[in-house]
Amino acid sequence: MSSIPSFRQRQGVIFSAFLFATFVIGVAGALQSPTLSRFLSVDVNVDPRLVGLFFSVNAFASIIGSFLLAKYSDKRGDRRNIVIFCCLMGVTNSLIFAFSRNYYLLITLGVLFAALSSAAMPQIFALAREYAVKSGRNVVAFNSLIRAQLSLAWVIGPPLSFGLAIEYGFTTMYLSAMSMFIVAMIFVAIFLPSVEKNPISELPNNVDLQAANQPLFKNKNVVFLLLSTVFMWTANMMYIIDMPLYVQSVLHLSDSLPGYLMGLAAGIEIPVMIIAGYLVPMLGKRNLFFIAIICGLIFYIGMILFTDEWILFVLQLFNALFIGIVANIGIIYFQDLLPTRMGVASTLFNNGIICSIIIAGMLQGFVSESYGHEIIYSIALIMVAISLIFCALVKEVRTKVD
């Protein structure tokens, strides 16, 4: 009987390590991303066109790098070692950005190491899924708690990033990100387990191996789910990019209001993610997606119809339900559709978000300049409606551990 407490203690330590590693890697990313355009404009001193080029190259490199590492990890790689490798690439990337102000070095070697480090988070989620299956934990609830750490990191990281960059300079800020990667690398190496991939006995009940292993773009469910998530994330990214400008130039409200709105939504998202994880066995992933998208429709209808400050705060509840459910359940949905390729599944979800950032950036800039800020929210509403159609074409997948 004495071995039972030690086994449970070991599980508790591993679970805590997953939470901590996710949070620390998330903080490292949240330190670097928000101030990147300021860094390129102020410290590197390049014009807006080169800033835009950098973001585009960085996004495409991240998609390619994380996808290649995902395919490797599903076939041969130990995910724990790959996460350690990605953290090491994050350390190298942070060092380059801390001490170099050469644009061409940053857009080549800097982007290369950033692309390789970007695979850390999808690999953490893939490893967490496989560990949850092996240890008999509730997969969705386990993922929900881990995903909440990433949201918490993005509540803390951006203001910390601006504070460090403005008060102490970008070198200090990037060295702080480097220290986060080092801490994460140590924790992953010491506490996270190596897990056997995809035991056949734990595959979803209604997914056959032939469908799971067919080429990605021949798998209609995967394609429809990817399109659904790209449309809804593009709508969200357009809102994030445009809302501060809309509040200032159209509504003429306080300059600090966008920060309060985003902070409120991020804070509500955390309990939404956790609660959604526990609702999956009762409602199913597909129904939760429907609920999330309907909340998204309500949110964007509200953004179109109302301009009062207090209503904008109320609407953040629907925004948080929309994003909180999708951000949590989406990655699990992809994993259930591709149960023999957890790394690829997690990376597809992550890359869908990166594609959305690229599309949203191009659309928001062109549309707002040509037609004004108000039309952005009508376009976002149409995109969320399209995502609902694609979601309806994806079948429900229930697993033995839901």
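In which helix is Asp242 found? Asp242 belongs to helix 10, which spans residues 220–249; helices are DSSP runs of H or I with at least four residues, strands are runs of E with at least two, and both are numbered from the N terminus.

## Basis of the description

The model is predicted, so local features need pLDDT of at least 70 and side-chain atom pairs count only at pLDDT 80 or more, whereas totals for chains, interfaces and linings use all residues. Residues are numbered from 1 along each chain as its sequence is written, and side-chain values use heavy atoms, with hydrogens and water left out.

The term buried denotes a relative accessible area under 20%, exposed one over 50%, and partly exposed a value in between, computed with a 1.4 Å probe on protein chains only.

Leaving aside residues up to four places away in sequence, Asp242 touches Gln364, Ser368, His373, Ile376 and Tyr377. A contact here requires heavy atoms within 4.5 Å.

## Salt bridges

Side chains of opposite charge can pair when their charged atoms come close. A salt bridge is counted where a side-chain nitrogen of Lys or Arg lies within 4 Å of a carboxyl oxygen of Asp or Glu. By this rule the model has 4 salt bridges.

One of them joins Arg101 to Asp43, with the closest N and O atoms 3.3 Å apart. This pair links distant parts of the chain, 58 residues apart: Arg101 sits in the loop between helix 4 (79–99) and helix 5 (103–117), and Asp43 in helix 2 (residues 36–43). Arg101 is partly exposed, at 28% relative accessibility, and Asp43 is also partly exposed, at 31%.

## The network around Asp336

Which residues are linked with Asp336 in a network of salt bridges? The network consists of Arg129, Lys285 and Asp336. Between Arg129 and Asp336, the closest N and O atoms are 2.5 Å apart.

Because Lys285 is in helix 12 (residues 285–305) and Asp336 in helix 13, the pair connects parts that are 51 residues apart in sequence. Both Arg129 and Asp336 are buried, with Asp336 at 0% relative accessibility. Lys285 is buried as well, with a relative accessible area of 1%.

## Cysteines

A disulfide is a covalent bond between the sulfur atoms of two cysteines. With the cut-off that the two cysteine sulfur atoms lie within 2.5 Å, the count is 0 disulfides. Cys87 is in no disulfide, the nearest cysteine sulfur being that of Cys86, 7.0 Å away. Cys87 is buried, at 0% relative accessibility.

## Helix 2

The buried residues of helix 2 are Leu36, Phe39 and Leu40. They lie on the same side of helix 2 because they cover an arc of only 95 degrees around the axis, the arc being that of the directions from the helix axis to the C-beta atoms. Just after helix 2, Asn45 adopts a positive phi of about 60 degrees.
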